[in-house]
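Reader: Please take a close look at one part of this model, the aromatic pairs and what surrounds them. Keep it brisk, and connect the details to the rest of the fold.

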Amino acid sequence: KLASGAGKLRSNKTLGIAQSLTWANCFLTSGETPITSENDASGAINRVIEIECKADNKVIADGHKTAGIMKSNYGFAGRKFIEHLAEGGELDNARALYEKNYTACMQNDTTEKQASAAAIIVTADQLATEWIFQGNNALTVSDMASFLKSKEAVSAADRGYHYICDWVSQNANRLKGGSTETDTYGQIITKGEDAGWVYIIRSVFDKVCEDGKFSPRALLGHLRTKRLIQTRDKGFTKTKRINDVPTDCVVMRLSDYDQFEDVEDGDLPFYDEANDNP
């Protein structure tokens, strides 16, 4: 909600639309859990830079003393920062420094919004260090680089594809033909020219996507663009006989299937030859 820059639309007593609040700020906040999850939309994940403070990395040596000093002394640095920024030419210098940091951030495998947020943080810290704290430990782009999300990590479509691949792995038995019709989710092709493709019943595919909070249609559009699904001339599916019944299926290529080698049962580690079981 903070990152979206706008509040919710609400009605007033006369059933009209109340004024919607907007803002253009960069927030620094802390919490015990991340404010975004894996299933959030791309927009939310793209606008948030998360930095994990691990238990073995003590950020503040004496938290009690630091908290006491902060409660007695706050607000002065912010006023001085704005005063410096309002001086002649400083705002233009700040913009030039931001553009320099943004260009450097874009050299990493990240998105424009992640680079923009990182450049703002780095620029503000560098200016505050120069104008107020006068130290040599200002943040750099290289300090932020490891915390920026890649384009693939931000993309809801890429995350959805890997989510489906994980689901296929978890339900491999039901995709190889169950004992009853209700046990069958589709079929995995493991041999021949079509090896590495999975046929998932369309209704099952839609439910799995909805359970993971991904849009089935948006994900299928992405997969078709990336040529990760086989389709008819129109639409997103093909027909496959499941339990001898023609069924509408999503035909999807499994991730990195070519990297797996076919092995005989006896070659598997911890193979129990007597019981014919791994």
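**Aromatic pairs and their surroundings**

Author: Tyr 163 is partly exposed, because its relative accessible area is 30%. This is a predicted model. Tyr 163 pairs with Phe 214: the ring centres are 5.5 Å apart and the planes meet at 50°, so the pair counts as tilted. The cut-offs behind that word are simple: planes under 30 degrees apart are stacked, those over 60 are edge-to-face, and the rest are tilted.

Now place the two rings. Tyr 163 belongs to helix α8, while Phe 214 sits in the loop between α9 and α10, so the pair ties together parts that are 51 residues apart in sequence. That loop also holds Lys 213. Lys 213 is not a glycine, yet its phi is positive, at about 65°.

How many aromatic pairs does a search of the whole structure find? It finds four. Another of them joins Phe 81 and Trp 131. Here the centres lie 5.3 Å apart and the planes stand at 55°, so this pair is tilted. Phe 81 comes from helix α3 (residues 76-86) and Trp 131 from helix α5, so parts 50 residues apart in sequence are tied together. Both Phe 81 and Trp 131 are buried.

Gln 134 is in the loop between α5 (112-133) and α6 (141-145). Gln 134 has a positive phi of about 50°, though it is not a glycine. Gln 134 is exposed, because its relative accessibility is 64%.

One more ring deserves a look. Lys 240 lies over the face of Tyr 199, at 4.9 Å from the ring centre.

Next, the packing. The largest nonpolar core has 32 residues. Ile 164, Val 168, Phe 205 and Met 252 have the most contacts inside it. The elements giving two or more residues to this core are α8 (156-170), β1 (186-189), β2 (197-201), α9, α10 and β5 (245-253). So α8 carries Tyr 163 and also gives residues to this core. What does Met 252 touch, leaving out residues up to four places away in sequence? Its partners are Tyr 161, Ile 164, Cys 165, Gly 196, Trp 197, Val 198, Leu 223, Leu 228 and Ile 229. A second, separate core has 12 residues, including Tyr 102, Cys 105, Ala 118 and Ala 119.

Cys 249 is buried, because its relative accessible area is 0%. Cys 53 is exposed, because its relative accessibility is 57%. The structure holds zero disulfides.

Finally, the whole protein. It has 10 helices and five strands. Of its 278 residues, 28% are buried. Among contacts with a separation of 6 or more, 51% join residues 24 or more positions apart. The accessible surface comes to about 19,800 Å², and carbon and sulfur atoms account for 50% of that surface.

Technical notes:
Residues numbered from 1 in each chain as written. Predicted model: local features only at pLDDT ≥ 70, side-chain atom pairs only at ≥ 80, totals over all residues. Heavy atoms only, no water. Disulfide = S-S within 2.5 Å. Buried < 20%, exposed > 50% of the residue type's maximum accessible area, 1.4 Å probe, protein only. Helix = DSSP H or I, 4+ residues; strand = E, 2+ residues; numbered from the N terminus. Core = buried A, V, L, I, M, F, W, Y, C linked by side-chain atoms within 4.5 Å. Contact = heavy atoms within 4.5 Å. Areas by Shrake-Rupley, 256 points an atom, 1.4 Å probe, with all protein chains shown as cover. Phe/Tyr/Trp six-rings, centres within 6.5 Å; stacked < 30°, edge-to-face > 60°. Lys NZ or Arg CZ within 6 Å of the ring centre and 35° of its normal.
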